[in-house]
Each structure stands twice: as C-alpha cells, then as structure tokens.
Amino acid sequence: LTAKGLIAEKGRTQRTFFELTERGREYQQSGTPYERLADLVKERGPLQLTEIAAELGLDNKDIGSAFGLMAKEGTVAMDEEKRVTVKGDLSSHVRTIRSLLDRAAAEGAIEESTLSPGELEVIQSVSKKRGASAAPFRVAEREEVSYRMTDEGRAMASRIAEQGLTGEEIGA
C-alpha cells in the first residue's frame with residue numbers, strides 16, 4: 001500500500017521492554033542469590049562463601065557478587081573467621097528485584113514506561129541487551145510504526161465502497 005501511495009508512514013515509536021531470561025525464571029522460582037544466601041545463613045548460622053556456594057549449587061562468582069552488594073548495603077558482614085553473618089533485612093534493592101521478577105513472570109514482559117525511576121534503575125542494573133543468558137532480564141527494543149491514509153488512499157477507498165466490492169474481490 002505504501003508503494004502504491006495509498007498509505008504513508010505517520011510515525012515511529014521506540015518502546016523498551018524487559019523480559020525474563022531462563023536465569024530470571026530460575027531466580028523467580030527458586031530465589032535470587034541474595035535471598036538464598038540470606039535464608040541459608042539465617043537457617044544454618046555463619047558460613048564461608050565457598051560453603052554457601054556449594055550448599056546452594058551456585059557459582060562462587062554469583063555468591064561473591066551477591067555478598068558484595070549485600071555487604072555494601074549492610075545486610076551481611078564477614079566475621080573474624082571469614083564467615084558470612086546476616087546483619088539485617090534484605091535491602092529495598094533486593095526486594096525490588098524480587099517484585100520485578102514476579103511481575104515479569106505474571107505479565108510476560110515489563111514495559112520501561114511503566115516503571116518508577118527506582119524500579120528502572122534496579123532493572124537496568126540486572127539486565128543485558130546481548131548475551132543476556134547470565135542476567136535475569138533481557139532488554140528488548142521494539143519499534144512501532146503507524147500509518148495514515150493518503151488522499152489517493154481515501155479516493156480508492158471511496159471507489160471501492162461505491163462499487164460495493166469486498167476484500168476478496170479487490171485482491172486484499
């Protein structure tokens with residue numbers, strides 16, 4: 001229709017979505033490394049990072065990253081024997097990740113424009129555009145194109161309506 005001059009592009013809108021990856025689905029169902037680390041240490045008492053990783057079946061780097069963020073936020077600490085101890089409740093950052101995982105699982109994808117500034121900051125910190133298998137969220141950009149009918153298109157539509165033709169009869 002564009003090539004025949006019957007419609008013309010009206011506009012393009014770029015929309016960004018955040019979709020769960022396989023890892024994100026796993027975190028949504030089994031818990032994030034942050035949640036699992038805190039739960040295990042609360043249940044079993046102080047443990048070394050390698051013990052936590054082995055017990056939870058997670059990579060040392062994932063547990064190390066979780067510990068680093070949680071220590072920075074004051075949720076966990078390391079004692080004199082290099083064991084992790086829980087100092088407080090999960091941070092708002094970690095609670096926001098949980099709510100975003102649950103929301104994405106329920107909705108299929110989260111549109112960027114529906115996120116608060118705080119949620120956007122958190123989801124961007126745990127998302128990747130390419131090679132997203134290691135991240136819980138994948139960034140998906142979609143472009144929506146809208147069209148308008150041209151004067152020629154309106155004239156053609158009028159002729160079709162006057163003749164009472166159906167879509168099949170005009171080859172649509």
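User: In this predicted model, which residues in α2 meet which ones in α3?

Analyst: On the α2 side you've got Arg36, Leu37, Leu40, Val41 and Arg44, and they meet Ile52, Glu55 and Leu56 in α3. By type, the residues of that contact split into five nonpolar, three charged and no polar.

User: And why is α2 called roughly perpendicular to α3?

Analyst: Look at the angle: α2 (residues 33–44) and α3 (residues 49–56) pack at about 105°, with axes 11 Å apart. Roughly perpendicular covers 65 to 115 degrees, so α2 is roughly perpendicular to α3.

User: What makes β1 and β6 a pair of strands?

Analyst: Pairing takes at least two bridges. Strand β1 (residues 7–20) and strand β6 (residues 137–149) are joined by 13, and they run antiparallel. One example is Arg12, whose bridge partner in β6 is Val145.

User: How do you know that β1 pairs with β4 too?

Analyst: Same test, with a cut-off of at least two bridges. There are three bridges between β1 and β4 (residues 109–111), again in the antiparallel sense. Phe18 stands opposite Ile110 of β4.

User: What is Thr85 in contact with, leaving aside its neighbours within four places in sequence?

Analyst: With those set aside, Thr85 is in contact with Val41, Pro46, Thr75, Val76, Ala77 and Asp79. Val41 also turns up among the α2 residues that meet α3.

Definitions and conventions
Residues numbered from 1 in each chain as written. Predicted model: local features only at pLDDT ≥ 70, side-chain atom pairs only at ≥ 80, totals over all residues. Heavy atoms only, no water. Axes fitted to C-alpha atoms, helices over the stretch in contact; angles between N-to-C directions. Helix = DSSP H or I, 4+ residues; strand = E, 2+ residues; numbered from the N terminus. Parallel < 35°, antiparallel > 145°, perpendicular 65-115°, else oblique. Contact = heavy atoms within 4.5 Å. Nonpolar A, V, L, I, M, F, W, Y, C, P; charged D, E, K, R; others polar.
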